[in-house]
Each structure stands twice: as structure tokens, then as C-alpha cells.
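Here are my notes on the model you sent. They are set out as numbered points, to be read with the structure open.

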Amino acid sequence: MRLHLKILSLLLCISLVAQAQITVIKAGHMFDAVSGKMLENQIILVENGIIKAVGSNVKFSKSDNIIDLSNEWVLPGLMDCHVHITANLPYRNIGIEQMYATESTSLRAIRGTVIAKQFLYNGFTTIKEIGNDANYATADIIKAIQKGWIEGPTIFYAGKIIAPYGGQSHDVNPEHEHLWNFEYIDADAPDEIRKAVRQNIYNGATVIKLVTGDNGIYGVEEIKAAVDEAKKYGIKVTVHVRNDAAAGTNVILGGAAGIEHGFELDITQLQLMKEKGTFLVGTDFSFDNWYAYGMDSATATALTNTVTDRLKRAYTIGTKMAFGTDIIVNLPKLNRVQTNLKVLNSWKAAGIPPAYILQTMTINAAELLGIEKSRGLLAPLFYADIIALKNNPLEDIEAIKTVDFVMKEGKVIRKD
Ligand SMILES: [Zn+2]
């Protein structure tokens, strides 16, 4: 009899353990990404990695796993829509062709695991990795994260960059033709673009990236071919645009989901983007970031002013924006995310309100990535990607550098 009771109580214990543990987050201040406002004293219930309930009157039990963030500013996990986790170039000594020639895919992948973890630990729970990762290094990083071997954010992945002949290389001699194919696919006609899109998707791409304006300019038909082919797989196209006004207009008219950089976009183009719903991922380098590329102070200042002006115009016009950083040169003594966040200097110089900057890192980014119903907001049925800050980001956006709590899909990654 006694033994039976013991077995019975043991079974009861097992069944209790098997029941999903509910985690309760007491959020002193919680960012509502839709309104851009802070809500006070909110309770967030998390079960099986998903947010179950949010509000000021949510009931919970004392036996739940309670995380007290009453003195913190709680936000949805942040998103960076333009990163290169496997690439790093020396400070003020840029030679991208040299990186292609000297770094193997495995070395790039190892670097990528380190930087992916930096993103997650610094509050970026979703990133868009946009190419320059050797021979599909990031595809394996994503697999390693999914297998639980390493920690990292959710990664949207472009695979190899599709570009007119030459990729983004310059002055490679004919004996070394195709050196750039380690990182790029040459595609110079609509059919070649369709083939390149399929190759990338086969190798794990979940977003397609084209480059126009560097070694050639894609016409509207070529952009349309990429958009149409990717759409068959439910995938969006984003395009690096530099240097040429026509290049930008072709991308907008071709129906791409986003423009990366677009430093030279004029008012008419920004207006057209607004009408078409094209996102701007502005990668708005600060002076320090430009300077890191080896340019002199005058050039770095001029370029900083260009991006700041473009940011101002895009914000005033109402062009949709998603946050993206594009850093491939770490600043001395700073890790990748700390270097990335130097771009906030440009956003501040452009006078963009902190609430809007946070929206570009949450709901706007989620919309661009096509995950607006599952991430980027603290609401029921969304993934529990949740971070907390020591300081109020609506007072000063620099507060996003004070992350001291990170939860990824319900699992606590960091709690200082
Ligand atoms: Zn980039």
C-alpha cells in the first residue's frame, strides 16, 4: 500500500513537471511598439516560448516562474535588417578582395558564430544577414543554432549576393576572374537572375539580395524577374542601391520590398517608395563608421551629412524605414553590436524621435521581414523574444545599450 502511494505521488510529480511551466514577467515599463508609448506595470505571461497574455490585470499563480523587471524598460527583441556576421575587415585598411582570397568559409563561419551571439546577448533577437559570407557560411550557422549547438538570434539569410558581372569587386585582374564568385553570383539577364535566385534558395536563403549601381545597373525587368522568382517561394527581394539615381528608381518600379543604403535617394524617389510601400534600410553610418573604412575626415564628414539629410527627408516624407547597420569594420575596443550602434549618432543628428527609431527596430523590421504576426510586438500569440533595459530609451535612444535581460522564444539567455 505504502509503495503504491509512493508510486502514485511520484506519478503526480511527473505529471506536474510535464505541465508547461508558465513564466511571468513583471514589467515596470513596457514598450508598445504599435503606439510607440511606454505602458506602466504590465504583466507578461509566457508559455512554451509564446506570449500567452499581456496587461496590467493578468492573473498568475505564486508557483509560476516569476521574473521581476519592475525597475526596467521591457521591449520586444530588437531587429537589425542589414548585417554581415561572418565578415570583418581591418580598421582603416579595407580590401574586400583580400578577404575573399585569404579567408576560408570555415573561418568565416566561426567568426559568424561569435558575432551572432553578440547580437543575441545585446538584445537583437532577429537579424537579416545580407551576404558576403563566403560559400554560404551562414547557412551552417543557422543549422547550428537550430540544433542548439550554439546560441544565436533568428537569422534571415540572403545567401550569395546577386549582381552584374564582377559583384562588388574592383580591379581584379583577368587571371583571377571569378575570384568574387566565392561571395557573389554574376547575373546579367532576367533568366540568369532567376537561376541565381533558385540557387540561393536551394542553399538556404530566406531573403534575396541584389546589388545595383556598383558594377552595372539593373533595369526594371531584371528587378521584376528577381521579385517574381522569389515570390514563388514566398521570399522577398531587397536591393543594395548606390551611386546612380536610375538604379534606385528601377528597384522601386521593379517591386522590390526594400532598398539597402540608398544614400543618394532624392525626394521624388522617397515619395515613390512611400506610395509603393518600399522599405528603406538606410544603414546610416556615423562619422566613426565611415572613418573606420579608411577615408579622410572631410570625406567621412560629407558622407555622414548625406545620410543624415536622407534620413531626415525619408522621415518627413513618411517613407517606411527598417533599422539596419551594415557594419563590417569593428571600431577599436568595441564589439560588433557596439560598433553598429554608433549609427544612432546619425539618427539623433537627423532628429528622429526615439519611439520611431524603436519602431524601425521592431514592428517595421518585422513587416519588412514578413514576420509581423509573430515577432516585433509584445502581444498574445507572439514569440517571447523579450529584452529589458536599465534606462528609458524614449528619453535617450542610447539606452538600448543598457540591455541586461534577454529572453529568446521563452528561454532566458541573459539576466545580469
Ligand atoms: Zn552591407
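**Notes on the predicted model**

1. Domain division. The protein chain is divided into domain 1, made of residues 17-76 + 378-415, and domain 2, made of residues 78-369. This is a predicted model, and the points below should be read as such. Between the centres of domain 1 and domain 2, taken over C-alpha atoms, the separation is 30 Å. Domain 1 gives 24 residues to the contact and domain 2 gives 22 residues.

2. Interface. About 1900 Å² is buried between domain 1 and domain 2, and carbon and sulfur atoms give 70% of that area. The rule finds one salt bridge across the interface of domain 1 and domain 2. A salt bridge is formed by Lys 348 with Glu 398, where the closest N and O atoms are 2.6 Å apart.

3. Annotation. An unreviewed UniProt entry carries the annotation "domain: Amidohydrolase-related" for residues 73-412. Over residues 73-412 the chain is 39% helix and 16% strand. The end C-alpha atoms of that stretch are 16 Å apart. Please keep the record's label apart from the computed values.

4. Zinc site. Which protein atoms are the donors of the zinc ion? They are NE2 of His 82, NE2 of His 84 and OD of Asp 326, lying 2.0 to 2.1 Å from the zinc ion. Along the chain the donors follow the spacing H-x1-H-x241-D. His 84 sits in the loop between β5 (78-83) and α2 (96-102), while Asp 326 sits in the loop between α10 (297-317) and α11 (336-340), so this pair ties together parts that are 242 residues apart in sequence.

5. Are His 84 and Asp 326 buried or exposed? With under 20% relative accessible area counting as buried, His 84 is buried at 4%. Asp 326 is also buried, with a relative accessible area of 11%.

6. Helix α4. Helix α4 (residues 137-146) is largely enclosed by the rest of the structure, because seven of its 10 residues are buried. The buried residues are Ala 137, Thr 138, Ala 139, Ile 141, Ile 142, Ala 144 and Ile 145. What covers the buried residues of α4 includes helix α3 (105-121) and the strands β6 (124-129) and β7 (154-157).

Terms used. Residues are numbered from 1 along each chain as its sequence is written. This is a predicted model: local features need pLDDT of at least 70, side-chain atom pairs count only at pLDDT 80 or more; totals for chains, interfaces and linings use all residues. Side-chain values use heavy atoms; hydrogens and water are left out. Buried means under 20% relative accessible area, exposed over 50%, partly exposed in between (1.4 Å probe, protein chains only). Helices (H or I, at least four residues) and strands (E, at least two) are DSSP runs, numbered from the N terminus. Contact means heavy atoms within 4.5 Å. Donors are N, O and S atoms within 2.8 Å of the metal (3.2 Å for Na, K and Ca); water is not among the atoms, so sites may look incomplete. UniProt positions are given in the numbering used here, feature names are shortened, and annotations may be inferred rather than shown by experiment. Domain bounds come from an automatic or database domain assignment. Buried area is the accessible area (1.4 Å probe) that two parts lose on being put together, summed over both. A salt bridge is a side-chain nitrogen of Lys or Arg within 4 Å of a carboxyl oxygen of Asp or Glu.
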